[in-house]
Amino acid sequence: MTATVAATTRRRWRAPKYALALPSIIWYTVFFAAPIAFIVFYSFGTKDTSKLLPVDLTNLSTASYKEVFDETFFTTFRATLRISITATLLCLVIGLPVAYFAAFKVSEKWKAIVLAAVVVPSFTSFLIRTVAWRIPLAPNGTLSKFLKDLSLIGENGIQILETSLAVQIAIVYNYLGFMILPLFVALDRIDSRMREASKDLGAGRVATFFGVTLPLAGPGIIAGVLLTFIPMCGDYVTATVLGGAKGNMIGAMIASQFSGAQNWPLGSAMAVLMIAAVLLTLVVGTVIVWVIPRIVGLGEPLVQRWRRAMRARQVQRGPRAGFVVGDSVLHRLLGVWTSLVLVFLFIPIGLVFLHSFNRGGSFTIWSNAVSIKWWGELFDGAQVLNTAIRFAVFIGAGFLAKWMLSRRQMLGSRTSSWLITSVVVLAFVINGLVTSWYAKIFDYAGIGDAIRNSFMAAFGATVIAVLIGGMSGVALARRPGRWATVFMGLVFLILVTPEIMDAIALATWFPRIQDLPIVGHIFTNGWGPFNGGINKLWVGQSMYASAVVTLIVRARLAGLDESLEQAAADLGAPPGRAFRQITLPLIASAMIAGGLLSFALCLDNAVISTLISEAGSTTFPVALLGATRSTIKPFWGVGAVSLFVVTMTSLWFLVVILRRSGDSASNIAATLTGS
Amino acid sequence: MAKQLRMLAPDDFREKLSRRAFLKGGTAAAGFAIVLAACGSSDDEAVTIETTGSDMADDGYSRVVNTASGTLAMYTWGDYNDPDLVGALADSTLGVSMKVDYYASNEDLITKLAASNGNSGFDIVVPTGPYVPQMIEKGLIQKLDLSLIPNFSNLDPAYTSQAWDPNNEYSVCKNWGSTGYFYDKTKITRTMETWQDFIDACMNEGSGNCAMIDTAPNFCGMWFWANGINWNTQDEADLDACEKFLVEEFAQHIKAFDSYPSTKLAEGAYSLAMGWNGDLRQAYVRIADAGGNPEDWVWVLGSPATELWMDTYCIAAGSPNAEAAHAWINWDLVPEISIKDLEYHGYNTGMKDMESLIANLAPDLERGEMIFFTPEQVATFQTQEITPALDRMVDILNKAKAKAGA
């Protein structure tokens with residue numbers, strides 16, 4: 001039996017090992033490798049503003065590189081690395097106790113609450129949270145006045161805005177969550193028996209932490225550092241909004257070469273050197289991490305001797321009461337620290353919410369009067385009310401139907417548990433049809449359209465990311481080979497390339513390919529209901545997201561035995577059927593988690609979107625970034641709060657569905673962080 | 001609630017218009033007509049709305065309103081139209097729903113349009129006049145059909161037929177303004193009158209607390225004006241001297257490059273800032289909003305020379321809704337609409353016989369001296385010319401930004 005099956009498989013044509021990864025390979029070649037190669041090419045060109053694409057490639061030189069190494073530009077490079085490294089270390093130092101507390105010191109229920117509290121702020125628009133830092137830091141703001149009244153600061157108020165300190169604070173704030181989550185997952189997975197064994201063998205709390213816990217959490221620390229350090233290096237929003245002239249960062253400077261200054265060669269050279277600097281820093285970081293324990297290890301005999309001596313002395317004198325920190329004190333300290341960090345994470349959110357009720361004409365300046373004026377400006381009250389009533393009626397009818405049917409026992413428990421969910425979906429669709437997909441509930445079209453475009457772009461990009469990322473993840477886990485090394489290298493490169501680099505590469509790439517027959521047509525004229533701009537956003541946003549999905553799916557499958565698929569094959573299932581019935585269910589939760597993560601990332605994408613968006617595809621972050629150039633009206637706060645509510649509702653809805661399908665909440669959280 | 005607000009704006013506005021018109025003319029019940037011509041449709045049916053209690057039909061202004069449909073995408077400078085006009089009023093009067101995106105400099109605008117090569121999706125763009133020829137040359141804007149903009153005749157001839165577009169084939173004046181600065185007299189106690197004073201203050205008591213306009217011609221222009229050099233100079237020695245001073249000596253004192261300092265002035269971020277007259281006029285409102293004392297702040301028009309810039313409405317090449325774009329430009333030239341816009345952004349919209357329009361339509365306009373300049377002031381204004389030196393100025397700004405962060 002087995003022999004005949006083997007014979008038939010041998011006779012059939014076998015697809016190459018990388019077949020499933022082929023869509024990704026094409027996608028990455030066309031929209032990542034080629035555009036980036038052109039950036040490298042531009043960096044050797046010369047500026048020529050008389051051309052439509054202002055770069056002359058006939059006359060290659062390294063002049064732009066020389067210019068970057070010139071003192072003026074190089075200082076910005078140094079400042080960027082300084083800010084990013086400091087912020088990464090601060091995130092680690094601030095985040096580690098929080099992750100430790102959540103992983104070891106609290107009950108399961110509180111674990112979920114702490115985690116949720118860390119995640120929730122990142123579902124408010126990144127940009128509005130950054131802008132919100134202008135409120136407490138303003139020299140004429142409430143906090144300044146309060147501190148002045150206490151004579152804690154001088155007459156000029158808090159002088160932090162428009163300096164690199166403001167950028168430093170906000171950047172730590174913006175990326176802290178990305179550090180805490182992977183740390184938590186890594187710590188949470190540590191087998192508690194390891195730590196117990198360490199303590200049983202006589203190690204103190206500190207020794208256990210440094211000797212057992214921290215090394216076991218290594219992968220989490222690495223993931224956290226990568227997730228924070230790389231985006232920080234390319235960060236362009238924080239410095240633009242808060243940095244002024246002094247807190248300038250390289251991301252903003254590169255972007256300005258491609259917009260205002262029209263100096264593509266200089267911008268390209270800066271971008272190339274930035275990637276080089278990021279990679280170099282990572283290498284140096286790795287070396288340091290590798291070397292330090294070994295150097296410390298050299299001194300180990302000395303330390304041991306010293307310890308023994310200390311212990312001998314301690315035994316002579318008896319225990320020193322003052323130095324022993326009780327378990328409960330440590331617990332309480334960690335708890336206080338965690339609460340402080342959570343308060344820090346929620347300060348800007350609270351301010352955004354408060355200032356959406358501001359009566360004055362500017363979002364950042366509180367007028368001392370609460371009013372719903374700007375909510376009225378943004379929303380058409382009657383339509384909102386109608387929509388809400390329709391939702392309420394539908395859900396009410398759903399509950400009524402459930403109650404009646406369950407009384408007559410006409411309904412299986414499985415069907416009844418899905419009833420309400422289906423009713424909500426139905427209400428959503430019907431309301432959508434009535435209000436031309438919720439466009440009518442907005443009085444001020446600009447923000448309504450922007451929110452809709454954000455969802456459309458993020459949704460499409462997520463679908464692409466899940467499809468191609470999922471497929472290549474499967475291929476990597478199940479058909480490894482030499483191609484996998486190369487492909488993983490590409491994925492790693494996508495992950496470590498700061499977003500601004502992708503942004504400029506794609507922004508300069510689309511004009512080049514717009515005359516190609518089919519591809520060009522899609523990006524200029526769009527297809528179906530989607531215009532060219534939305535298609536460009538799908539490409540731009542899917543890049544990082546699909547790399548993330550690839551890793552998540554690969555990690556998930558790598559942890560699972562291949563025997564199930566082999567059994568299916570042995571039992572005669574053709575590869576397609578084995579994939580559908582065995583592999584797909586196995587990776588479903590990883591794909592959903594990857595999808596959720598990429599949706600959140602795409603929804604908030606400002607950098608790529610700003611450089612490639614067009615009139616019909618302006619997303620919320622793009623529109624808001626445009627508005628930050630002059631005065632931000634309070635209705636942007638209203639828009640951000642609405643977006644937050646919509647995102648949280650859909651997330652909650654998805655989590656409910658996931659739980660119905662049997663995945664536990666902690667599993668969802670774990671896969672969400674990409675491990 | 002929201003419904004009411006939406007309706008309130010136009011009603012209130014219409015009421016204000018007719019009341020003022022009535023007060024002005026005195027003669028009752030003449031009625032002025034707004035002609036709604038369904039432009040572009042095969043039968044040129046025209047709808048006439050009679051508004052009683054007004055005699056403004058004979059005042060020499062054209063008030064044609066062409067309706068259109070669909071969406072209209074405008075790419076413009078920050079906060080550059082009354083939100084009522086681009087929001088509810090455009091919807092109810094023109095029948096178009098407007099989308100507005102913002103850019104920070106003419107170079108930004110040109111890059112964005114060039115990158116999509118006629119497929120940016122924008123209908124209306126608002127470049128500064130001198131940039132119009134290169135946008136024509138690069139094929140970024142298309143010819144206007146002036147027959148669809150009958151209210152063009154409402155413009156003062158002084159603001160039509162400019163050097164960059166002698167026959168207004170591509171551009172129509174949106175508004176014009178000038179450049180000056182703004183300072184807190186409790187922090188900068190000396191009297192300031194000239195650009196040289198501004199530069200001195202930035203390098204001394206205002207060091208680390210001053211903001212500059214974030215466009216290359218204005219940033220370099222400030223130094224040229226202060227030193228009595230025409231800012232359109234192409235002389236290498238002048239440009240070298242400008243670079244040497246701005247990059248080596250001046251940049252380190254700058255707190256931010258910010259073309260719209262009004263909000264941040266109110267936050268207290270700067271004690272002096274260079275800016276355009278309209279934005280600095282709004283700063284007074286925001287400072288009062290933030291609980292500050294507007295009287296502490298002084299506006300100074302740059303001297304001995306400063307600029308005259310004119311931003312123009314153009315239609316982007318490949319505009320998806322050129323019909324609506326014409327309708328919008330035409331509508332913004334209706335005197336009542338134009339003055340409503342002017343009251344919001346604080347720039348002169350270039351209507352003919354402006355004085356009597358203001359007297360009739362906006363008698364309580366505050367700080368008019370920041371909008372309307374005396375002939376003596378206008379005599380010191382210089383209009384930008386696009387020369388090869390612009391590239392150099394962009395480089396200077398670029399280097400100054402890097403230096404300021406050091």
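**From one serine to the interface**

Tutor: S630(A) lies in the loop of chain A between helix 29 (620-627) and helix 30 (635-660), where helices (H or I, at least four residues) and strands (E, at least two) are DSSP runs numbered from the N terminus. This is a predicted model, where local features need pLDDT of at least 70 and side-chain atom pairs count only at pLDDT 80 or more, while totals for chains, interfaces and linings use all residues. Residues are numbered from 1 along each chain as its sequence is written, chains are lettered from A and ligands numbered from 1 in the order in which they are written, and side-chain values use heavy atoms, with hydrogens and water left out.

Student: Is S630(A) buried or exposed?

Tutor: S630(A) is buried, at a relative accessible area of 10%; buried means under 20%, exposed over 50%, partly exposed in between (1.4 Å probe, protein chains only).

Student: What does S630(A) touch?

Tutor: Leaving out residues up to four places away in sequence, S630(A) touches G78(B), D79(B) and Y260(B). Contact here is heavy atoms within 4.5 Å.

Student: And which residue forms a salt bridge with D79(B)?

Tutor: K633(A) does, with the closest N and O atoms 3.1 Å apart. The rule wants a side-chain nitrogen of Lys or Arg within 4 Å of a carboxyl oxygen of Asp or Glu, and it finds 5 salt bridges across the interface of chain B and chain A.

Student: Which helix of chain B gives the most to the side that touches chain A?

Tutor: Helix 14 of chain B, with 9 residues. By class, that side of chain B has 29 nonpolar, 17 polar and 20 charged residues. Ala, Val, Leu, Ile, Met, Phe, Trp, Tyr, Cys and Pro count as nonpolar, Asp, Glu, Lys and Arg as charged, and the others, Gly among them, as polar.

Student: How many residues are in the contact overall?

Tutor: 66 residues from chain B and 71 residues from chain A. K255(B), E267(B) and N398(B) supply 12% of the area chain B buries against chain A, more than any other three residues. Buried area is the accessible area (1.4 Å probe) that two parts lose on being put together, summed over both.

Student: Switching topic: which residues of helix 12 in chain B are buried?

Tutor: In helix 12 (residues 354-361) of chain B, M354(B), L357(B), I358(B), N360(B) and L361(B) are.

Student: Why do they line one face?

Tutor: Because, seen down the axis of helix 12 of chain B, the buried residues fall within an arc of 170°, taken from the directions from the helix axis to the C-beta atoms.
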